Amino acid sequence: MADSLSALRLLMASHAPPLDALVVPSEDYHQSEYVSARDERRAFVSGFTGSAGLALITQREALLWTDGRYFLQAIQQLSDQWKLMRIGEDPPVDLWMAENLPADAAVGVDPWCVSVDTAQKWIHAFAKKQQKLVQTTTNLVDEVWKNRPPPEINPVIIHPLEYTGCSVEDKLKTLRAKLSQEKAHGLIVTGLDEVAWLYNIRGSDVSYCPVVHAFAIVTLNSAFFYVDKRKVSDEVRLYLEKNGIEVRDYSAVIVDVSSLTSNQQNLSSFVKGPEVSATVGELSSIDITGSNGTKVESQSPGLVWVDPAQCCYALYSKLNSDKVLLQQSPLALAKALKNSVELDGLKNAHIRDGAAVVQYLVWLDKQLQETYGASGYFLEGDGARKPKPSDSKKLTEVTVSDKLEAFRASKEHFRGLSFPTISSVGSNAAIIHYGPQAETCAELDPESIYLFDSGAQYLDGTTDITRTVHFGLPSAHEKACYTAVLKGHIALGNARFPNGTNGHALDILARVPLWKDGLDYRHGTGHGIGSFLNVHEGPHLISFRPQARNVPLQASMTVTDEPGYYEDGAFGIRLENVLIVKDADTKFNFGNKGYLSFEHITWAPYQKKLIHTSLLTAEELNWVNTYHSKCRDILAPYLDESEKTWLEKATEPITA
């Protein structure tokens, strides 16, 4: 890391103009949360591997901003050359740069890796001291990253109608109606999951996310797919052509975007540009000309729709800003509103996934008793301690999570995990997005809390579930904290609320039981989930963060319910189910708004010995017992007799 910082500072000094600071975001050219190995630039320069964060390098300092999910992880991973900046506690990066960098400072960033929103926010902050944002023509990190992973050529696959529930033809028809409504001639689609959803394709270019590195442009009469053509088979090409989609090289997007605001009636006349000759890193320097070397002439006025949170500044900079509609992509909400086929698929995927989780708990319970003499999942006690097992028999955070993956892999339609499994014991569970590594992970301890947050990709749906368990004797404090988290989990899941309610308004429901004891957690409470797509899906969320006010919850959305509590250096607790938003059958309908409620589709027991039953109300007790009864009925067909027996015991009714 020290060598890369020194090398970057030399490049900054020799840059024209010289750079006073360099921003290294987490995102790739599509503003993705999860990125491919070759796009992990921020992790490379800083050593911090969390999925969210931003690095700022000056000639004298190196700073890393991240959110509350990653404070502990960042403290562990950052060297003494770096300073951790806590989002929500320390000044945000734009204000820090404006206040701490000199007047007229030049701040460099790769414009492909920063969104329009973010770039414009920085430019506004810089205006006071005449500081300027400099778009670098190459990514400086790439120049010092000697062993940067090469690009992978993974095939584009067709996602069949039996799983999507809606044809490409219908999706394009709906989109074009929306374009006409907004008086826009075209939409630039930059989000990888939006491209995949719109064209009913999937891929494997990003670990855990079945997406393809690609852009799309859709106009009132044309559709384009920008991708490395080596990934497109003849079958896929014919499928796309049948749906009126022209395949163009990934690098051609910069040329076509530049022509978009100057020739909107007939975009099929786009100049082809340098098909494969330019890498994406070189795109910003391509001359935007027609085949005869002249600019494409304007033929009509009109708007090009760009999502300012998803579109990179490099593409936006090639547009005539007077002809741009900066507004959230219409695909974001369309993708979030699941159709009946997608909802059925998600429900079925979660049933199979729940069976895998139960099988894992049965196996883990047995292993901890046999190997460590643990009292087990059901009994509260110290157990019969056994000698420390040999290396070949010991259970670690990684070896047990590998077993969980194996249970999932045995299920129909399994296509991989939906994110790296958070398998965490004891104090590691207090690291909200802890990522165990085989070389450094902890051994399981029957006397410590074990938290596992995991999920899978199935052809018919994406899953995400968290359970917290203890195989020894939990303390009264641990039980009280677990019960407070459970009460919040129940309160949110049982909520009824009028149409138009957003996730910011609902977030408090999951926190009130914790607040009563002066406890809280530093992450949001719920996110949408994709249909064999990204495990984190917007545009809605349930959170204390202001952006949760932007989009109200609507029927047929999915959202997680995942409150938690984390005690640094001791333990962590989180419970998570996936919910579907549905219409509520209420006695009254004040204001004729219509009311909504939630339906749980995740099935796995809550550990009864961690529940302080006297802290639950009669309604909460009844809810847990009803949920457990459904778990038994729904999962039984997927379990063998011993697993059924274990589940029956795990879901026996509880009393106060």
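**Salt bridges and a surface patch**

Mentor: Both E620 and K487 are buried. This is a predicted model.

Trainee: What does E620 form with K487?

Mentor: A salt bridge, with the closest N and O atoms 2.8 Å apart. E620 lies in helix α18 and K487 in helix α16, so the pair ties together parts that are 133 residues apart in sequence.

Trainee: Why can such side chains pair at all?

Mentor: Side chains of opposite charge can pair when their charged atoms come close.

Trainee: How many salt bridges are there in the whole structure?

Mentor: A search finds 25. One of them joins R41 and D142, with 2.7 Å between the closest N and O atoms. R41 sits in helix α2 and D142 in helix α6, so this pair ties together parts 101 residues apart in sequence.

Trainee: Is R41 buried or exposed?

Mentor: Buried, at a relative accessible area of 3%. R41 also belongs to a network of salt bridges with D39, D142 and R148.

Trainee: And what about K335, which residue does its side chain meet?

Mentor: E537, in a salt bridge of 3.6 Å, N to O. K335 is in helix α13 and E537 in strand β23, so parts 202 residues apart in sequence are tied together. K335 is buried at 4%, and E537 is buried at 3%.

Trainee: New topic. Which residues make the nonpolar surface patch?

Mentor: I508, L509, V512 and W515, covering about 310 Å². L509 is in helix α17 and is partly exposed, at 32% relative accessible area.

Trainee: Last one: at what angle do α14 and α15 pack?

Mentor: About 140°, with their axes 8 Å apart. That makes α14 oblique to α15, and their crossing is right-handed.

Methods. Residues numbered from 1 in each chain as written. Predicted model: local features only at pLDDT ≥ 70, side-chain atom pairs only at ≥ 80, totals over all residues. Heavy atoms only, no water. Patch = residues over 30% accessible without salt bridge, like charges linked within 9 Å, V, L, I, M, F, W, Y side chains within 5 Å. Areas by Shrake-Rupley, 256 points an atom, 1.4 Å probe, with all protein chains shown as cover. Salt bridge = Lys/Arg side-chain N within 4 Å of Asp/Glu carboxyl O. Helix = DSSP H or I, 4+ residues; strand = E, 2+ residues; numbered from the N terminus. Buried < 20%, exposed > 50% of the residue type's maximum accessible area, 1.4 Å probe, protein only. Axes fitted to C-alpha atoms, helices over the stretch in contact; angles between N-to-C directions. Parallel < 35°, antiparallel > 145°, perpendicular 65-115°, else oblique. Left-handed = near helix turned anticlockwise from the far one by under 90°.
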